[in-house]
Amino acid sequence: MNLGERIVKFRKDNKMSQDDLAEIFNVTRQTVSNWENSKNYPDIETLIQFSDKFHISLDVLLKGDKEMVYKMDKKMKNAKIFKTVALVSLLILLFVNVIFGLNYLIKKEKERKEEQKYDMFMKNIDELGFEKDGIGFAFIKEDGIIYRVFIKKPLSENNEISANTITFRDEEAISAEYDGKIVKVTYLNENKTTVYCDQFGNLFNDAQNKNSIEIYDKYQDRTISIVTRMVELFDNIYR
């Protein structure tokens with residue numbers, strides 16, 4: 001006796017019609033007819049309800065119906081596989097969302113720090129008495145020498161232009177710039193010869209040529225004075 005035949009027997013033993021059984025399990029009469037004719041099978045939840053309703057164990061209900069057991073077993077395995085795949089997919093999706101979320105937060109935090117850095121830079125140059133020249137620079141004139149600093153705000157990570165440079169106007173006899181490590185002092189009236197110094201005014205010997213060393217020796221005190229003032233301005237702006 002297969003499952004369909006058992007459903008017919010239990011229904012008739014309980015003097016029920018297919019409509020009665022359909023109402024109990026909230027299905028159509030045609031669905032009950034298909035069960036009884038083995039055209040399809042109830043799901044596991046319905047079988048459990050059937051077992052409880054008619055006080056019969058699932059073992060007895062399914063006994064002898066190997067095809068039904070095989071199909072149910074296959075269906076349950078497929079359901080487990082589907083749940084596993086769905087769970088893995090969900091975890092991957094969550095992981096991707098977390099990564100994107102973290103990257104977004106990191107980017108926003110970086111932008112916030114850049115904003116703070118820029119605001120502090122602008123505050124410091126104002127306090128030091130720098131004036132804006134209208135073309136992305138600020139300048140201050142001391143003892144006839146004009147010190148300039150680049151103030152353009154970085155637009156993005158890939159278009160970021162460093163503001164860590166303080167320079168004199170090219171039309172002056174001497175220009176200088178500092179990147180936080182090397183101070184380059186260029187004597188425009190000496191064939192634009194550049195000497196490379198550390199923040200204390202000492203020469204970086206490996207970076208010099210013969211002319212650079214000669215000019216440094218000629219203007220050593222002046223060079224050290226320029227380097228000292230440049231580093232001082234640099235530190236005051238980027239403190």
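Which residue just after helix 3 takes a positive phi? That residue is Ser 38, with a phi of about 60°. The sections below start with the model as a whole and then come back to helix 3.

## The model and its confidence

This is a predicted model: local features need a pLDDT of at least 70 and side-chain atom pairs count only at pLDDT 80 or more, while totals for chains, interfaces and linings use all residues. Residues are numbered from 1 along each chain as its sequence is written, and side-chain values use heavy atoms, with hydrogens and water left out. The pLDDT is the predictor's confidence in each residue, from 0 to 100. The protein chain averages 79 on that scale, and 80% of the residues score at least 70.

Confidence is lowest in strand 4 (residues 166-168), with a mean of 57, and highest in strand 7 (residues 193-197), at 91. Over residues 155-164 the pLDDT is below 50; this stretch still has 14 contacts in the model beyond near neighbours in sequence. A contact here means heavy atoms within 4.5 Å.

## Overall make-up

The protein chain has eight helices and seven strands. These elements are DSSP runs, numbered from the N terminus: helices are H or I with at least four residues, and strands are E with at least two. Of the 239 residues in the protein chain, 33% are buried. Buried means under 20% relative accessible area, exposed means over 50%, and partly exposed lies in between (1.4 Å probe, protein chains only). Among contacts between residues at least 6 apart in sequence, 40% join residues at least 24 apart.

Helix 1 contains Lys 9, which counts as partly exposed at 39% relative accessibility. Lys 9 and Glu 36 are 27 residues apart in sequence, and their C-alpha atoms are 9.5 Å apart in space.

## Two nonpolar cores

A nonpolar core is a set of buried Ala, Val, Leu, Ile, Met, Phe, Trp, Tyr and Cys residues joined through side-chain atoms within 4.5 Å. The largest one has 15 residues, of which Tyr 178, Val 183, Val 185, Tyr 187, Val 195, Ile 226 and Val 227 touch the most other members. Strand 5 (174-178), strand 6, strand 7, helix 7 and helix 8 each supply at least two residues of this core, and helix 8 gives the largest share, with five. A second, separate core holds 14 residues, including Phe 10, Leu 21, Tyr 41 and Ile 56.

## Helix 7, face by face

In helix 7 (residues 210-218), Ser 212, Ile 215 and Tyr 216 are buried. Seen down the helix axis, the buried residues of helix 7 fall within an arc of 100°, so they line one face of the helix; the arc is that of the directions from the axis to the C-beta atoms. They pack against strand 6 (183-187), strand 7 and helix 8 (220-237). On the other side of helix 7, Lys 210, Asp 217 and Lys 218 are exposed.

At the start of helix 7, a side-chain oxygen of Asn 209 comes to within 3.1 Å of the backbone nitrogen of Asn 211.

## Salt bridges

The whole structure contains nine salt bridges, each a side-chain nitrogen of Lys or Arg within 4 Å of a carboxyl oxygen of Asp or Glu. One of them joins the side chains of Glu 142 and Arg 229 (2.5 Å, N to O). This pair links distant parts of the chain, with Glu 142 in strand 2 and Arg 229 in helix 8, 87 residues apart. Leaving aside neighbours within four places in sequence, Glu 142 is in contact with Tyr 147 and Arg 229. Salt bridges that share partners bring Glu 142, Arg 229 and Glu 232 into one network.

Lys 218, exposed at 53% relative accessibility, forms a salt bridge with Glu 190 through their side chains (2.9 Å, N to O). Here Lys 218 lies in helix 7 and Glu 190 in the loop between strand 6 and strand 7, 28 residues apart. The side chains of Lys 184 and Glu 177 also meet in a salt bridge (2.9 Å, N to O). Lys 184 is partly exposed, with a relative accessible area of 30%, and Glu 177 is partly exposed as well, at 31%.

Notes. A polar contact is a pair of N or O atoms within 3.5 Å; within protein, one must be able to donate a hydrogen and the other to accept it, and residues adjacent in sequence count only if both atoms are side-chain atoms.
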